[in-house]
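Please view the sequence and the structure below before reading on.

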Amino acid sequence: MGKVRIFRVLGVLGFLLFIIVLLNSKGNYQRASASLNLDQAIGLSSFPIIEPTLKYGFVMDYYHAVEDVIKENEFLADILLRHNVPYEKIHKLAAATKDSLDVRTLRANKSYTLLNVDTTTAPDYFIYEPSPYKFRVYDLNDPSKSKEVKRKVDKVEKMASGIIESSLWNTMINNGLDYDLTTRMEDALAWSVDFHHIQKGDQFKLIYEEDHIEGEVVGIGDLIGAYFKNNDHEYFAIYFENERHNGFFDLEGRSMKRAFLKSPVKFSRISSSFGRRFHPILKKRKMHLGTDYAAPKGTPILAVADGVVSKRAFTRNNGRYVKIKHSGNISTQYLHMSKFNSKVKKGSHVKQGQVIGYVGKTGLATGNHVCFRFWKDGKQINHLKQNLPPPDPMPEAELPRYYAVRDSIKNILDSIDFDLSVLSQEVAQKVEDEQNEKSNP
Ligand SMILES: [Zn+2]
């Protein structure tokens, strides 16, 4: 009798085990297929030979992976709790990583991957990928082993050129170039070229680094050299660094940086110049004592030079505005902001290029723009008419080394051609005439 009972108990246990295995494998299959596409799902049923897939330093075949994107207002805790990671573990992870890999720095719309060794338990790893350049591995079982890994970037030297027909944007698109190159070009030449007055027929040539990771282009790296020609003025910016300097220099070895930026906003257009004009709100002719730069609401407004904030206020006409005192009895003022940079207050020291606020239309303004005012010796003047002296060249002893670098970069820039096929006949003809004139003067 005893034996029979034992067999019956074993039989029941066996049946239960069978049910558990069945339910569990079904669960596995559904969860696994959720992250596979149709082709791969079909492939699974025919049991192909799987080559190990390496990702984030893991052999992915040993793990069950869930890939997703962080949603707006979603915190790491929300994601992990949803995947059955107990709150205590999440708390330990956050505490252990707060100095180096703070989980509060995770951002919406970035991808993440959860890895499980065993699908019946909670995930073992949370991998966050803020950009193709790096990823973070959070170890949920041993948070102290969490780390950030920077991927190896291969720099590939590239060349680009273009002739402006309508806008810089269109020129980039027509020549199949990455728009990020515009930013690089502006960074190098912003002190010399007024990018708000770009004209039809202006030309540029660039040498730059393209970033490759595992054979894929992931972005634009550093600019090495730039050439810009407008109104028969030629500008060169050559990147150079030694123990004492780094940055862009002109052909004489003077830093491209000037004490004042040409404008307080990037990628904007001048919507109203300094001088007499018909005021759109007051409906009468009035002296306009500033230069208006139209840009979308929220565009960062930059301090054009180092200085100290002398005013941060709101008035009926100016709206939210900031005034900065610079050396040489010069002040600059930025009007109609939608928002201040909360960290920049009266008395704050600001650096050239630092964000002080954001474009808006507070005060007396019809559209989103920044009214930029330049004060010298207490009087408002047109900053675009100021001829501020260029800085001194680097010390003479360093010049030979610089000239060697300059010559090699300039030779490459000189050799870059333009793609005339993307231009209108009129502009293409003009460029060809110029080139012929150069070769047989
Ligand atoms: Zn204005």
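## Basis

The model is predicted: local features need pLDDT of at least 70, side-chain atom pairs count only at pLDDT 80 or more, and totals for chains, interfaces and linings use all residues. Residues are numbered from 1 along each chain as its sequence is written, and side-chain values use heavy atoms, with hydrogens and water left out.

## The chain

Eight helices and 25 strands form the secondary structure of the protein chain; these are DSSP runs numbered from the N terminus (helices H or I, at least four residues; strands E, at least two). Of its 441 residues, 40% are buried, meaning under 20% relative accessible area with a 1.4 Å probe, protein chains only.

Among contacts with a separation of 6 or more, 62% join residues 24 or more positions apart; a contact means heavy atoms within 4.5 Å.

## The zinc site

His288 (NE2), Asp292 (OD) and Cys371 (SG) are the protein donors of the zinc ion, at 2.0 to 2.2 Å. Donors are N, O and S atoms within 2.8 Å of the metal (3.2 Å for Na, K and Ca); water is not among the atoms, so sites may look incomplete. Their spacing along the chain is H-x3-D-x78-C. Asp292 in strand E16 (residues 291–294) and Cys371 in strand E24 (residues 369–376) are 79 residues apart.

Asp292 is buried at 5% relative accessibility, and Cys371 is buried at 3%.

## Phe372

Phe372 lies in strand E24 and is buried, at 2% relative accessibility. Its C-alpha is 6.1 Å from that of Asp292, 80 residues away in sequence. Leaving aside residues up to four places away in sequence, Phe372 touches residues including Thr291, Tyr293 and His383.

Note on methods:
Buried < 20%, exposed > 50% of the residue type's maximum accessible area, 1.4 Å probe, protein only.
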